[in-house]
Amino acid sequence: MHSTPSSVPIVNCLVVIGLGLIGSSFAKGVRDAGLAQEVVGVDLDPHSRKRAVELGVADRCCNDLAEACKEADVIMLAVPVLALQTLLGQIADLKLTDTIITDVGSVKGHLLTAAQKVFGVLPPLLVPGHPIAGSERSGVEAANSTLFKHHKVILTPHEQTNPDALRCVQQLWQGLGADVESMSVEQHDRVLAATSHLPHLLAFGLVDSLAKRNENLEIFRYAAGGFRDFTRIAGSDPVMWHDIFLANKDAVLQQLDQFRDDLDVLRNAIAEENGRHLLGVFTRARVAREHFSTILAQRAYVETMLDNDLIFLANPGGQVNGTIRVPGDKSISHRAIMLGSLAQGVTEIEGFLEGEDALATIQAFRDMGVVIEGPENGRVVVHGVGLHGLQAPPGPIYVGNSGTTMRLLSGILAAQSFDTTLSGDASLSKRPMNRIAKPLREMGAVIETAPEGRPPLTIRGGQRLTGMHYEMPMASAQVKSCLLLAGMYAGGETSVTEPAPTRDHTERMLSGFGYPVEVNGPTAKIESNHALTATHIEVPADISSAAFFMVAACIAADSELLLEHVGINPTRTGIIDILKLMGADLSLERIREVGGELVADIRVRSSRLKGVEIPLELVPLAIDEFPVLFIAAACAEGRTVLRGAEELRVKESDRIQVMVDGLTTLGVDAQGTPDGIIIEGGPIGGGEVWAHGDHRIAMSFSVAALRAQAPIRIHDSVHVATSFPNFLELCGKVGMRVAVEEQA
Ligand code: S3P
């Protein structure tokens, strides 16, 4: 049946030659969408021609090319690749003057060669194309007008291609719902040889190789899922693939040769029982598909809801009761991977944060040749390569949303023998990097940044760094850590003085790995020519994640919560001190030391909070906890004033502005100042707030709902997965009413 056309025709007459699956799906799609006044089908097979008309694929069909093409505006060639030259010859004989010719072949170079031979020149109205779509089914019976919807179609115009012809073909494909891209013929054939042709060759080849053996019956009897999955594509059309391999011979051979080399290396690794090589290949391969799609989309390591606004719906009320353990500390997880990678020996990490930021650090070191197993239930095994064992990554290192990865890693990369480029997602690409680039340059590093010192960073290898003393202009643990890490490679001594105490996980962990660091009041000093020795690391629960639940239990009625095994490193406990100043009923139990870090269980009960002036010296010690502390302030009696916190303006979002906006929407009196905020406690309403892709903002407003009078819808919450992947699950467990809003 011919459904009602929905579009204005783009062409008068479309001729589709070859009524196989692709040709007839294109014809039917164009016809159903009303993109052509008339669709004419051409096929050698009379049955296909008859069925094409019956199935509404074409208005009419014929066998005579001249007759079919008489009125054609566009001719679509949908025949096997090796039949193209003959067909083009027949079309050339028709001496058509302004007919656009396009095709759907999987190899483009071959088409151009054929056209050049036949026409003597490359016809300006020839627009080579290739839809990346298919189906297990074939023939006109399988015609499906939606086959190309949301699929890529690659157009490969040549230098003389007429722009109007290109636009016309593009519009036809777009009219079928396809995503049209354009690339050069050479690039197309190379990319497809790798991503499509080589896998098909391997599938056909493996099945045949196994089938030829004497014991083949046995092999097929025991062939399990792996064999079936790997060889599914060996069920494809042999004639079509025969054509493709012959037509794309050079590019396929190149890919095949490279793969044969890699296969030989794998073979040797097995023969020599080189488990490390095998583990390296397997651990990298396991995550590679997700990793590359993440990079292509320029997003953080978020698996779901790619382009959609992820909305948290936080319903008012609820309680906060029970016992929970929040995920591992983000700062410590990053550092464990970095130092473990640069250590000699195998480092085992437990309690690792399986959030996207820390995963970005794992991937960065994998890219540089470090074998890292896991994470599996918080366990990661890092096979250290030593301080000088990193290898050049195959391309730019993508770190998603993670500022810590980018800044700390820069210190290490500045001293390597190879160049690297570090890039990140949209949020990270706005954050300042001069704070590390400037002092690293003073040590001799060569670093290029985008304008205003933003990412991406290109760090040149082969530089000799020299140690220096640096007075940090801001209290930043990331800057301090970056320079200390660079200091492991710099001639002489490197020392950093901080204007106020910041988290000291780098210093502690360096000592844990046996690398001497001297800490003297606000100054940390390191020198080169020592080694890191692998160790065992137990990552405590992240106090910055626990903070959301501390505030939650304080502000909710009738609540008592125990947060287990929380890291209470004195450079991180600003949240506890500030909440206590505000009158929180909060106590530390079972304080103990685990692997050089203090840990405690934290008990919090419903509290009557009061507004306070936050002491300046506590600001760096609670730097990540302010968004949720602002919620505590909104629930407190009286005024809370924060000063000296201008750093909040350059976090994952401008946390002062974004919180002022959200709190104001909820009816809270909140005024931003250049370096802080003034909040008057009072009732919290409901409404729509925006997290601006900042994980801690999304979680803070989720907590606010405990005291809100109406639901709070929190837009742009997908980045919660960067630091706290099971946040919603734990909210549900303690009695909070936050969930992802179902999309209509
Ligand atoms: C971090 C340091 C802090 C903090 C960030 C993690 C670290 O950043 O906000 O979440 O792991 O060193 P600054 O160094 O920019 O203050």
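At least three residues from each of domain 2 (190-273) and domain 4 (331-534) contribute to the lining of the second largest pocket; the domain bounds come from an automatic or database domain assignment. The model is predicted, and local features need pLDDT of at least 70, side-chain atom pairs count only at pLDDT 80 or more, while totals for chains, interfaces and linings use all residues. Residues are numbered from 1 along each chain as its sequence is written, and side-chain values use heavy atoms, with hydrogens and water left out.

The protein is divided into domain 1 (11-183), domain 2 (190-273), domain 3 (312-324 + 540-740) and domain 4 (331-534). The centres of domain 2 and domain 4, taken over C-alpha atoms, are separated by 41 Å.

### Pocket and cavity

On a 1 Å grid over the protein atoms alone, a cavity is a set of points where a 1.4 Å probe fits but cannot get out, whereas a pocket is an open set with protein on both sides within 12 Å along at least five of seven lines; lining residues have an atom within 4 Å of a point. Grid points are joined across faces, edges and corners, and a volume is the space filled by probe spheres set on the points. In the table, Ala, Val, Leu, Ile, Met, Phe, Trp, Tyr, Cys and Pro count as nonpolar, Asp, Glu, Lys and Arg as charged, and the others, Gly among them, as polar.

| Space | Volume | Lining by class |
|---|---|---|
| Second largest pocket | about 1200 Å³ | 18 nonpolar, nine polar, six charged residues |
| Largest cavity | about 30 Å³ | three nonpolar, three polar, three charged residues |

The second largest pocket is lined by 33 residues, and Val281, Arg284, Ala285, Ala288 and Phe292 lie nearest its centre. Two or more lining residues come from each of α7 (185-212), α11 (249-271), α12 (275-296) and α14 (356-367), with α12 giving the largest share, eleven residues. Helices (H or I, at least four residues) and strands (E, at least two) are DSSP runs, numbered from the N terminus.

The structure holds one cavity of 30 Å³ or more. The lining of the largest cavity consists of Asp329, Ile332, His505, Pro540, Ile543, Gly567, Asn569, Arg572 and Glu597.

Two strands pair if DSSP finds at least two bridges between them. Between β11 and strand β24 (residues 560-567) the pairing is parallel, over four bridges, and isoleucine 324 stands opposite leucine 563 in β24.

Four bridges link β30 and strand β31 (residues 712-715) in the parallel sense, and arginine 713 in β31 is the bridge partner of glutamate 688.
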